[in-house]
Amino acid sequence: MSVLTNNLELFLRLFGQTLQLFAISAVLSLVLGTLLAALRVSPVPVFRGIGATYVTVLRNTPLTLVFVFFLFAYPLLEILRIEPYTAAVVALTLYTAAFVCEVVRSGINTVPVGQAEASRALGLTFTQMLGNVVLPQALRSVVPPMTSTMIALLKNTTVASGFAVPQAGSIRDALSEQGDNVLFGLIWVAIGFVVLVMPLTYVQQVFEKRWSVAR
């Protein structure tokens with residue numbers, strides 16, 4: 001307990017930065033992932049190919065390598081200088097968006113084909129049909145897998161600690177430098193992540209009840 005009380009400010013500050021990194025990356029990955037899902041179900045073959053290629057590449061690339069690219073390889077291109085924190089946000093966003101895309105696409109596939117056909121018969125464009133008819137229904141059915149994806153993103157933020165981006169994963173190094181008990185410190189870090197995941201699980205249950213889909 002003394003490890004936590006003696007370093008409470010450290011724990012609060014780094015967990016706060018974890019939440020910030022998670023929140024920004026979550027919002028951006030949800031937006032990008034939804035756009036990618038739209039590309040994957042687009043009637044235009046080129047757009048479908050772009051979406052499929054993106055998902056295939058990012059889903060099969062270790063997150064650590066994505067971090068390595070944006071923190072070490074990208075600066076060599078001398079296009080636009082980005083700070084380590086921004087690079088971490090970009091890496092987490094691009095990586096997670098691929099998984100969000102597949103979750104949203106699976107939800108789109110649960111919507112009866114007849115509804116899309118009826119929308120086209122009424123003269124709706126693909127964008128109008130997707131935004132007004134398909135996506136609202138699709139998102140209701142993907143609450144559990146989307147929550148799992150967001151939980152995975154929250155835990156993936158710890159990868160940033162290996163690239164000089166301070167957050168909860170950096171607590172071990174800080175405690176080690178101070179000579180504190182690292183084992184107990186890591187136990188408190190694990191407990192902290194459990195506490196952070198609990199609200200996401202609660203939100204999932206709330207939306208599942210509110211958006212329950214009659215089968």
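Trainee: What do the side chains of R105 and E102 form?
Mentor: R105 and E102 meet in a salt bridge, at 2.9 Å from N to O. That term stands for a side-chain nitrogen of Lys or Arg within 4 Å of a carboxyl oxygen of Asp or Glu.

Trainee: Before we go on, what kind of model is this?
Mentor: It is a predicted model, where local features need pLDDT of at least 70 and side-chain atom pairs count only at pLDDT 80 or more, while totals for chains, interfaces and linings use all residues. Residues are numbered from 1 along each chain as its sequence is written, and side-chain values use heavy atoms, with hydrogens and water left out.

Trainee: Back to that pair. Where do R105 and E102 lie?
Mentor: Both are in helix α5, three residues apart, or about one turn of the helix. Helices (H or I, at least four residues) and strands (E, at least two) are DSSP runs, numbered from the N terminus.

Trainee: Is R105 buried, exposed or partly exposed?
Mentor: R105 counts as partly exposed, because its relative accessibility is 24%. Buried means under 20% relative accessible area, exposed means over 50%, and partly exposed is in between (1.4 Å probe, protein chains only).

Trainee: Which residues are joined into one network with R105?
Mentor: R40, R59, E102 and R105 are joined, through salt bridges that share partners.

Trainee: How do R59 and E102 meet?
Mentor: Their side chains form a salt bridge, 3.6 Å from N to O. This pair links distant parts of the chain: R59 is in helix α3, E102 is in helix α5, and they are 43 residues apart.

Trainee: And why does E102 count as buried?
Mentor: E102 has 15% relative accessibility, so it counts as buried. R59 is at 41%, so R59 counts as partly exposed.

Trainee: How many salt bridges does the structure hold?
Mentor: Five. One of them joins R81 and E83, whose closest N and O atoms are 2.7 Å apart. R81 counts as exposed at 71% relative accessibility, and E83 as partly exposed at 42%.

Trainee: New topic. How many helices and strands are in the chain?
Mentor: Ten helices and zero strands. Along its principal axes, the C-alpha trace spans about 70 × 45 × 20 Å.

Trainee: What share of the residues is buried?
Mentor: Buried residues are 37% of the 215 in the chain.

Trainee: Okay, at what angle do α2 and α5 pack?
Mentor: At about 45°, with axes 6 Å apart; α2 covers residues 8–40 and α5 covers residues 84–110. The two are therefore oblique to each other. Angles under 35 degrees count as roughly parallel, over 145 as roughly antiparallel, 65 to 115 as roughly perpendicular, and the rest as oblique.

Trainee: Is the crossing of α2 and α5 left-handed or right-handed?
Mentor: Right-handed. A crossing is left-handed if the near helix is turned anticlockwise from the far one by less than a right angle, and right-handed if clockwise.

Trainee: How do the axes of α2 and α3 cross?
Mentor: At roughly 130°, coming within 7 Å. α2 and α3 are therefore oblique, and α2 passes α3 in a left-handed crossing.

Trainee: What about α2 and α10?
Mentor: Their axes come within 12 Å and cross at roughly 40°. That pair is therefore oblique too, and the crossing is right-handed.

Trainee: Last one. Which residues form a nonpolar patch on the surface?
Mentor: L183, F184, I187, I191 and V195, with about 450 Å² of accessible area together. Patches are made of residues with over 30% relative accessible area and no salt bridge: like charges are joined within 9 Å, nonpolar side chains (Val, Leu, Ile, Met, Phe, Trp, Tyr) within 5 Å. Accessible areas come from the Shrake-Rupley method with a 1.4 Å probe; for residues, only the protein chains shown count as cover.

Trainee: Where is L183 placed?
Mentor: In helix α10, residues 182–210. L183 counts as exposed, at 57% relative accessibility.

Key. Axes fitted to C-alpha atoms, helices over the stretch in contact; angles between N-to-C directions.
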